[in-house]
Amino acid sequence: MTDIQKPVIRQSSNVFRSALAALALAAAGAAFWLTPAVSAEDAVKIPPPALDEKAATGTEKAVFAGGCFWGVQGVFQHVKGVTKAVSGYTGGDKDTAVYETVGSGRTGHAESVEITYDPSKVTYGQLLQVYFSVAHNPTQLNFQGPDSGTQYRSTIFAENDAQKKIAQSYIAQLDQAKVFPEPIVTTLETGKTFYPAENYHQDFLTLNPTYPYIVYNDLPKVANLKALFPALYSEKPVLVLAASN
């Protein structure tokens with residue numbers, strides 16, 4: 001194994017199964033140290049979208065999928081104007097919105113992140129710029145880094161026609177500018193329901209900063225956010241579990 005892969009983690013209210021999950025994490029981490037190190041891909045500096053929403057009051061939501069939700073959530077939890085970023089599943093049915101089932105790649109779900117944000121502080125277009133630039137690689141079809149399967153696809157789940165129009169325009173703009181070496185394969189899906197993931201997936205990056213997968217695949221994304229978008233970067237992340245407590 002040459003990649004730092006995301007392990008399969010299972011949750012149960014049963015203490016025994018929870019302990020097994022913890023042991024699985026530890027085993028995966030131990031296995032990593034016996035393999036060559038792999039670093040995350042570099043971020044790509046891209047122009048802001050030519051078409052964007054106007055600043056407004058209140059809150060809005062955006063749902064993005066771009067590989068493992070640990071890293072995508074971790075990035076957007078550090079964006080100013082974001083008040084919540086929840087890991088979950090989008091694209092399939094409620095009954096299959098379970099980590100082990102989604103991992104089969106046959107549910108229609110993608111690991112995704114639902115972002116609640118204040119459009120007077122950060123716009124949908126700016127969120128898209130972060131999404132395409134540092135949160136994931138939009139030129140990879142049905143995989144991101146070491147993770148493969150349709151559950152890791154690059155997808156924007158537009159909440160309304162305005163979001164869909166902005167996303168379509170931005171993808172066309174970036175492809176025309178040829179800022180990426182390959183065409184963008186990000187898809188647009190509408191009318192899909194977001195289902196929150198299990199609690200043990202929430203805030204995973206923040207709670208596990210030394211975990212090998214996080215160190216090599218996700219922490220560089222947060223560092224890139226800080227470097228490329230200093231005006232948008234917030235040192236303190238907005239955490240799901242802290243808010244629920």
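**Terms and values**

Q: Why is lysine 178 called exposed?
A: Lysine 178 has a relative accessible area of 67%. Exposed means over 50%, buried under 20%, and partly exposed in between (1.4 Å probe, protein chains only). Lysine 178 therefore counts as exposed. The residue is found in the loop between helix H5 (161–177) and strand S7 (187–190). Helices (H or I, at least four residues) and strands (E, at least two) are DSSP runs, numbered from the N terminus.

This is a predicted model, in which local features need pLDDT of at least 70 and side-chain atom pairs count only at pLDDT 80 or more, while totals for chains, interfaces and linings use all residues. Residues are numbered from 1 along each chain as its sequence is written, and side-chain values use heavy atoms, with hydrogens and water left out.

Q: What makes asparagine 142 partly exposed?
A: Its relative accessibility is 29%, so asparagine 142 counts as partly exposed. Asparagine 142 sits in the loop between H4 and strand S4 (143–144).

Q: Why is H2 called oblique to H4?
A: Helix H2 (residues 69–76) and helix H4 (residues 124–135) pack at an angle of about 130°, with their axes 11 Å apart. Axes are lines fitted to C-alpha atoms, for helices over the stretch in contact, and angles run from 0 to 180 degrees between N-to-C directions. Angles under 35 degrees count as roughly parallel, over 145 as roughly antiparallel, 65 to 115 as roughly perpendicular and the rest as oblique. The angle therefore makes H2 oblique to H4.

Q: Which residues of H2 make the contact with H4?
A: Val72, Val75 and Phe76 of H2 do so, meeting Leu127, Val130, Tyr131, Val134 and Ala135 of H4. Contact means heavy atoms within 4.5 Å.

Q: Why do S7 and strand S8 (194–196) stand at the edges?
A: The open sheet has 6 strands in the order S7-S6-S1-S3-S2-S8, with mixed pairing. Two strands pair if DSSP finds at least two bridges between them. S7 and S8 each have a single partner strand, so one side of each is left without a neighbour in the sheet.
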